[in-house]
Amino acid sequence: DKMAADKLNAYVGCINRLSGRAYESRARYLSWVSKAGPTGKEKIIYGTYTIYDTADCKRKVEAVATAEPRDTDLEAAGNAYVSAATALEPLLKDADDYYTQQNYKDDKMAKGKALHPRLMAAWEQFAAADTKLSASVDVIQDRNAIARLAQIEAKEGRKGRYHIEALMLRAKGVLRAQNATPSDLNAITAALAAFEASVKDTETYAASDASSRIGSSFVGAAKSFLTTSKNLMRRVRDKVPYNSGEQMILRTGSGAWMVEGSPARLTRDYNQLIESYNRGASF
């Protein structure tokens, strides 16, 4: 079990460190560049973001690639992810230097135009590799979480730890359903219903057992994630567009979480739920 966990953690570590930043970089770039590429006539030129160093990810994935237990699908997905990430890193640094130093003022955006198709291809390759690796990791993590939940129920019954683990499992289900492409409203609705029931069960149990150690901050984080999930679902269901002010905030990238019912807000609230869970890991 420890060997399997160590192996999985190498891949999860890469995703946690690199994936979000890579997507933020693409969003930053596309906030001012059309899909046809830069022209040099844009009113605002933001450039792009770099990603974090990929050397540690590469080293850890190479170390576990042939380790037991073997999982050819996971290993292949991990190798493809490392290949895509290590190709993206120097390209983004080159682009960042070019735009930060405003070299487009000297060459009439010639290099920016040349970099554009390479950037888009690299991001596309990375997104495909990330999707495949994340799916492989999700399958394993879900299987482990379901087995752990069954063990907890068998040993302790449906008490505090059971409710917390069930809630976290269903929260991940909501996040996955919300982020799926194409969007599936039925899947989102079903995941939300299961998560909301789990939130209510957890809150009810916490109120009935003072020794449960389920803190109000954890329940509050779960409710915040539920609210944001519902708001995003309603945007999808009712086809509610973002207004001009929200669109401006979303284009900036870093402040996108401030827009209620946005994917960025969903990710922020999910991460806060994870942090609250980790603080109470001794439940």
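Leaving out neighbours within four places in sequence, Leu92 is in contact (heavy atoms within 4.5 Å) with Ser25, Thr48, Tyr49, Thr50, Ile51, Leu119 and Trp123. The model is predicted, so local features need pLDDT of at least 70 and side-chain atom pairs count only at pLDDT 80 or more, while totals for chains, interfaces and linings use all residues. Residues are numbered from 1 along each chain as its sequence is written, and side-chain values use heavy atoms, with hydrogens and water left out.

**Leu92**

- Leu92 is part of helix α3; helices (H or I, at least four residues) and strands (E, at least two) are DSSP runs, numbered from the N terminus.
- Is Leu92 buried or exposed? Leu92 counts as buried, at 0% relative accessibility; buried means under 20% relative accessible area, exposed over 50%, and partly exposed in between, with a 1.4 Å probe and protein chains only.

**Overall build**

- The chain has ten helices and zero strands.
- Read from the N terminus on, its elements run α-α-α-α-α-α-α-α-α-α.
- Along the principal axes, the C-alpha atoms of the chain fill a box of roughly 70 × 50 × 30 Å.
- Of the 283 residues in the chain, 40% are buried.
- Among contacts in the chain with a separation of 6 or more, 74% involve residues 24 or more positions apart.

**Surface and charge**

- The chain carries 41 positive and 34 negative charges, and their mean positions are 4 Å apart.
- In that count, Lys and Arg are positive and Asp and Glu negative, while His and the chain ends are not counted.
- Each charge is placed at NZ of Lys, CZ of Arg, CG of Asp or CD of Glu.

**Salt bridges**

- How many salt bridges does a search of the whole structure find? The search finds 19, a salt bridge being a side-chain nitrogen of Lys or Arg within 4 Å of a carboxyl oxygen of Asp or Glu.
- Glu75 and Arg70 form one through their side chains, at 2.9 Å from N to O. Glu75 is buried, with a relative accessible area of 5%, whereas Arg70 is partly exposed, at 47%.
- Lys93 pairs with Asp97 in a salt bridge, the closest N and O atoms being 3.1 Å apart. Because they are four residues apart in helix α3 (residues 72–100), Lys93 and Asp97 are separated by about one helical turn. Lys93 is partly exposed, with a relative accessible area of 48%, and Asp97 is partly exposed, with 27%.
- Arg148 and Glu165 also form a salt bridge, with 3.7 Å between the closest N and O atoms. Arg148 lies in helix α5 (residues 110–156) and Glu165 in helix α6 (residues 160–179), so the pair ties together parts that are 17 residues apart in sequence. Arg148 is partly exposed, with a relative accessible area of 37%, while Glu165 counts as buried at 14% relative accessibility.
- A network of salt bridges links Asp138, Asp142, Lys172 and Arg176.
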